[in-house]
Amino acid sequence: MNSYFSYFIIFLMGLMAACQPNVQPSPQANDYFHVKTADAFLPVWVRGNTSSNKILLYIAGGPGGSGIDIAKVDYQRWKETLEQDYAIAYYDQRGTGNNQGTFDLSSVTLSQYTSDIQQIVQLLRDQYKEAEIYLMGHSFGGYLVYHYLHEYGQEELVAGSIALNAPASTDADPERWSYRRSYLQGIAQELVAHPEDSSHWQSALSWLEAYPEIATDEEKRQWNQFVEVAVVEADRPITISEVLGVVFFSPYNYFSAYAYGKLEQVEQQMFQEGYQSRMIEKLDRIDQRILLMTGRFDDIAPPEEMTVILDQLSSTDKELIIIPDAGHDLALDQPALFQTAIQGFVR
Amino acid sequence: MTNKLYWILLLLAPCWGISQDHPVFLQAGYIGETITHSGLTIGLSQQLWSSDESALGQTPVSSLRWGVKAAAIYHRRMHTSLKVTPHVDWIRTQPNGFEWGASLALGYKRAFIPDVFEANEEGTFKFSGAAGTNHTVMLAGVRLGKNLSIRKDLPLSIYVQPQWMIQTPYFLGSTHFFLVEAGITYQLNRS
């Protein structure tokens with residue numbers, strides 16, 4: 001009985017070992033595999049038009065966002081848009097989603113996250129040999145793009161990088177509140193002429209005159225109260241069928257991904273890492289091709305900060321696009337403008 | 001230490017023979033991780049104790065069983081798992097054959113993660129179709145069923161058993177799964 005069971009296990013393993021994924025270029029690719037890196041098995045889902053020979057490696061925001069989850073519900077609605085033109089590689093960052101493996105919290109670091117990106121980039125180049133790889137990071141994911149380019153940019157493994165709604169500063173950086181003050185100044189001057197909120201923005205301008213710096217928690221709260229009127233909320237409700245799809249019909253165990261406070265610990269760990277990194281001072285080391293995009297009403301990555309980032313990058317091929325009537329989810333707020341900008345960059 | 005405990009339990013569990021005095025049951029059925037990720041389970045168990053077996057069908061009867069189950073679950077893009085779990089079940093059988101009870105299990109799970117690539121020292125990638133991880137699992141379940149030997153004179157029971165599984169090690173300690181098992185129990189040595 002024991003020997004038959006052993007033979008069955010060996011047969012099963014042999015069967016699995018023989019079935020290496022055969023990634024062929026396709027206008028509707030749907031390839032799924034795992035990258036083992038530093039004791040973690042990171043899932044990678046390549047979907048869309050691999051025949052284009054252009055793959056955008058999507059780096060989710062958060063920290064703690066799950067790229068696989070975003071792909072499963074098609075949160076950005078790229079299945080019918082961007083994925084028709086290019087392939088997008090979604091993945092779960094270490095400690096998020098349904099990571100498997102024996103890693104622990106000590107490996108959840110900016111350095112390891114960028115190393116993981118490097119591993120995935122190398123694997124994509126290995127599996128899709130004709131394809132150009134682009135990084136596309138949103139918010140915290142864009143912050144990781146800066147870190148990746150700072151660490152590995154010289155190896156020139158990626159054809160270009162896109163940072164969407166991606167600040168380089170953190171809450172620990174004094175520069176951040178200088179940018180935010182400038183942002184409030186800019187939108188208040190722009191919107192004070194609108195009759196419906198005129199008094200609100202007039203109050204904001206008066207407050208700014210009284211407070212040349214934003215430093216205390218009370219001043220930061222006041223700033224929030226002023227800017228939240230202009231925040232553009234992404235119109236993307238999650239439907240019950242999408243939730244059911246994620247829970248019951250996905251490469252998911254819901255409890256690993258969302259329950260029991262693991263994401264909060266990852267988020268805190270990455271925030272602490274960011275507070276010490278001072279990426280805002282290291283941007284001049286980045287000289288690779290890069291596109292920065294933000295929304296005019298993004299209060300997390302305000303255009304005022306993105307302009308400073310653009311100026312500090314050493315790249316000769318760099319561009320900043322500010323999308324009008326868009327906030328922190330510009331791909332959802334202005335999908336057509338977003339797609340046009342991407343098509344212009346990924347040529 | 002956990003591995004040694006598992007091996008001790010595995011060794012102890014089969015250390016009984018098919019006895020004329022104690023009913024022995026074969027069970028087989030469906031097991032689904034989050035219900036829909038399907039698998040199969042088989043097992044063998046023996047009744048250790050019964051409150052009053054002769055009164056089955058006349059008054060409620062409690063019984064205690066122990067055994068071993070093996071399960072294979074296919075969660076396509078996540079992992080295929082093989083699980084071996086010694087378990088203890090408490091079952092209360094009503095005079096009309098309705099059964100309810102609870103189950104506790106502690107065992108071993110091997111998760112086979114599909115399509116794994118790992119960089120080697122030369123900078124190329126080696127492929128593994130069956131890389132995976134080892135875990136200790138603990139399950140607790142509630143059993144609902146029908147004993148068909150009482151009204152229909154069949155040595156069978158049908159059951160459904162939702163269960164909660166805790167798996168360790170995992171990132172930040174453990175993770176949890178919800179499973180549903182449904183199947184048939186067949187009494188091997190009915191007199």
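Biologist: Which residues lie nearest the centre of the largest cavity, and why is it called a cavity?

Modeller: B:K69, B:T85, B:L139, B:Q163 and B:E181 lie nearest its centre, out of 16 residues that line it. It is called a cavity because, on a 1 Å grid over the protein atoms alone, a 1.4 Å probe fits at its points but cannot get out; lining residues have an atom within 4 Å of a point. Please remember that this is a predicted model: local features need pLDDT of at least 70, side-chain atom pairs count only at pLDDT 80 or more, and totals for chains, interfaces and linings use all residues. Residues are numbered from 1 along each chain as its sequence is written, chains are lettered from A and ligands numbered from 1 in the order in which they are written, and side-chain values use heavy atoms, leaving out hydrogens and water.

Biologist: What volume does the largest cavity have, and how do you know that?

Modeller: Its volume is about 100 Å³. That is the space filled by probe spheres set on the grid points, which are joined across faces, edges and corners. The whole structure has 5 cavities of 30 Å³ or more.

Biologist: Which strands of chain B supply the lining of the largest cavity, and what makes them strands?

Modeller: β3 (61-75), β4 (79-93), β5 (98-113), β8 (131-147) and β9 each supply at least two residues. They are called strands because they are DSSP runs of E with at least two residues (helices are runs of H or I with at least four), numbered from the N terminus. They also belong to a closed barrel of 8 strands, β1-β2-β3-β4-β5-β8-β9-β10, with antiparallel pairing. Neighbouring strands of this sheet are turned by 25° against each other on average, direction ignored.

Biologist: Why do we say that β3(B) and β4(B) pair?

Modeller: DSSP must find at least two bridges between them. There are 15, in the antiparallel sense, so the two strands pair. They form a hairpin with 3 residues between them, and B:I73 stands opposite B:S81 in β4(B). On the β2 (residues 37-50) side, 11 bridges join β2 to β3(B), and B:G43 stands opposite B:K69.

Biologist: Why is the crossing of α6(A) and α8(A) called left-handed?

Modeller: Helix α6 (residues 174-191) and helix α8 (residues 217-227) of chain A pack at about 35°, with axes 11 Å apart. Axes are lines fitted to C-alpha atoms, for helices over the stretch in contact, and angles run from 0 to 180 degrees between N-to-C directions. A crossing is left-handed if the near helix is turned anticlockwise from the far one by less than a right angle, and right-handed if clockwise. α6(A) passes α8(A) in the left-handed way. Residues in contact (heavy atoms within 4.5 Å) include A:W177 of α6(A) and A:W223 of α8(A).

Biologist: How do you know that the peptide bond joining A:G62 and A:P63 is cis?

Modeller: Its omega is about 0°. A:P63 is found in the loop between β3 (54-59) and α2 of chain A.

How values were computed. On a 1 Å grid over the protein atoms alone, a cavity is a set of points where a 1.4 Å probe fits but cannot get out, and a pocket is an open set with protein on both sides within 12 Å along at least five of seven lines; lining residues have an atom within 4 Å of a point.
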